[in-house]
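Thanks for coming. I will go through one chain of this model, and then the side of it that meets its partner.

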Amino acid sequence: MNVRKFRPNNRLSTLIKQKGGVLAQDAIAAAERGVESLRESSLAALDQTLAEIDRRFGKDALGRQAETFDALYLLGSRIIDVGAFVSDSGVDKAAVSLCTLADDCAETGAWRWDAVDVHLNALRLLRSVGASLPADQREAMLEGLYQVSHFHRPEEA
Amino acid sequence: MTDALLPSTRINLERATVLVLDDNGASLDILSQVVSGFGVKQLHRAESVADAQSLIRTKTFDLVISDVQMPVTDGIEFIEWLRKEGGETNRYIPVILVTGHTRTSQVYKLRDAGANYVVAKPITPKVLLERIFWVAREERAFIECEAYIGPDRRFKHEGPPPGTDGRRKDDLPAEVGEAQTPNMTDDEIANMMRPAKVQV
């Protein structure tokens, strides 16, 4: 196999060292302020995603058997995307568990609806009262979700 | 090894041209706000791989930050395309992938995509700036062959896996050979560790 090994010019390396600029701590603070300005719209997007998951994959969704594993996975990913705003509630970790579950279903080619229902119930509960739950209760709930989503992955348990 | 990013480190990204790609509008907004906060003035946003490819064909970038999980064409396929067909001005630029979850089937694909770094979502400004600083300062060689185009994935130089001879000419065996010089005395070691004033 013909392998070429070389060191290409890294323009970013030259630019980042140029005179002027800002201190890293100020850049981080400015970025954090910018992110904070998106809190309201991000939480609105989060609630829309949760509603869509319920509508398409909830217990009462008539067409959920026809949905794809990918669709649930991508919706779960969207919750993680804005998860920094709800990290105190555990919603972000529950969404990671939902993605693991959707991925596991995709790997095996079969839905585990009981597990999906458990995750959707937990997401609803965590979104509404997760931040005010005692930490040990919240962690116990997340640990339960982890066990459910990793049910088919004994090597990772 | 690159230096760590300290709060007092001065960075200048004002003239850097950055592409951020994410299909989720809320996530793209967060990513854009973070990168703008770092002082980037030339920020280009793309909500699909097709949009990102159009931008790559017409502009020269200094950094790409891309989501992984996207419908139709994902971030892994985009980076593979960039490394092969991104044009000479963009093929070798640093790439940071961001992902909230990695599918079992994508673990190896992610490793082999040709990205410089993978950052977990939800992103925080501190972590992303550390990674940008890292990719700007790293001195990794670039590898281009039939099966892979991207930064050298073996950059820690920890030697070949145990029990193998390695594939590189400069691979050293894991076993340590006989000492070639006498052991240092306790005093010599203590002297090396002793704090001393220095003139700067």
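**Chain B, from a loop to the sheet**

I start with Lys41(B), which counts as exposed because it has 11 C-beta neighbours inside 10 Å. The cut-offs: a residue is buried if 20 or more other C-beta atoms lie within 10 Å of its own, exposed if 12 or fewer, and partly exposed in between, with C-beta atoms placed from the backbone. Lys41(B) sits in the loop between α1 and β3 (42–46) of chain B. From Lys41(B) to Pro71(B) it is 30 residues in sequence and 29 Å in space, C-alpha to C-alpha.

Some bookkeeping. This is a predicted model, in which local features need pLDDT of at least 70 and side-chain atom pairs count only at pLDDT 80 or more, while totals for chains, interfaces and linings use all residues. Residues are numbered from 1 along each chain as its sequence is written, and chains are lettered from A and ligands numbered from 1 in the order in which they are written.

Now the whole chain. Chain B has 6 helices and 8 strands, where helices (H or I, at least four residues) and strands (E, at least two) are DSSP runs numbered from the N terminus. The radius of gyration of chain B is 21 Å, well over the 16 Å from the globule rule for 200 residues, so chain B is more spread out than a compact globule. That radius is taken over C-alpha atoms, and the rule is 2.2 Å times the number of residues to the power 0.38. Of the 200 residues of chain B, 38% count as buried.

Next, the sheet. Which order do the strands take? In chain B, 5 strands form an open parallel sheet in the order β3-β2-β4-β5-β6; two strands pair if DSSP finds at least two bridges between them. β3 and β6 (117–120) of chain B are at the edges with a single partner strand each, so one side of each has no neighbour in the sheet.

Strand β4 (residues 63–67) of chain B is joined to strand β5 (residues 95–99) of chain B by 4 bridges. Across that pairing, Val64(B) stands opposite Val95(B), and Ser66(B) stands opposite Leu97(B). β5(B) is also joined to β6(B) by 4 bridges, and there Leu97(B) has Val118(B) as its bridge partner. In a regular strand the side chains alternate between the two faces of the sheet. In β5(B), Val95(B), Leu97(B) and Thr99(B) lie on one side and Ile96(B) and Val98(B) on the other, all of them buried.

β4(B), α3(B) and β5(B) make a right-handed β-α-β unit. Right-handed is used when, with the strands pointing away from the viewer, the path from the first strand over the helix to the second runs clockwise.

Last, the partner chain. 48 residues of chain B are in contact with 48 residues of chain A, contact being C-beta atoms, placed from the backbone, within 7 Å. α1(B) gives the largest share of the side of chain B that touches chain A, with 8 residues. There is also strand pairing between the chains: strand β2 (residues 22–23) of chain A and β1(B) pair in the antiparallel sense over 2 bridges. One of the partners is Ile11(B), which faces Val22(A).

Terms used. Contact = placed C-beta atoms within 7 Å.
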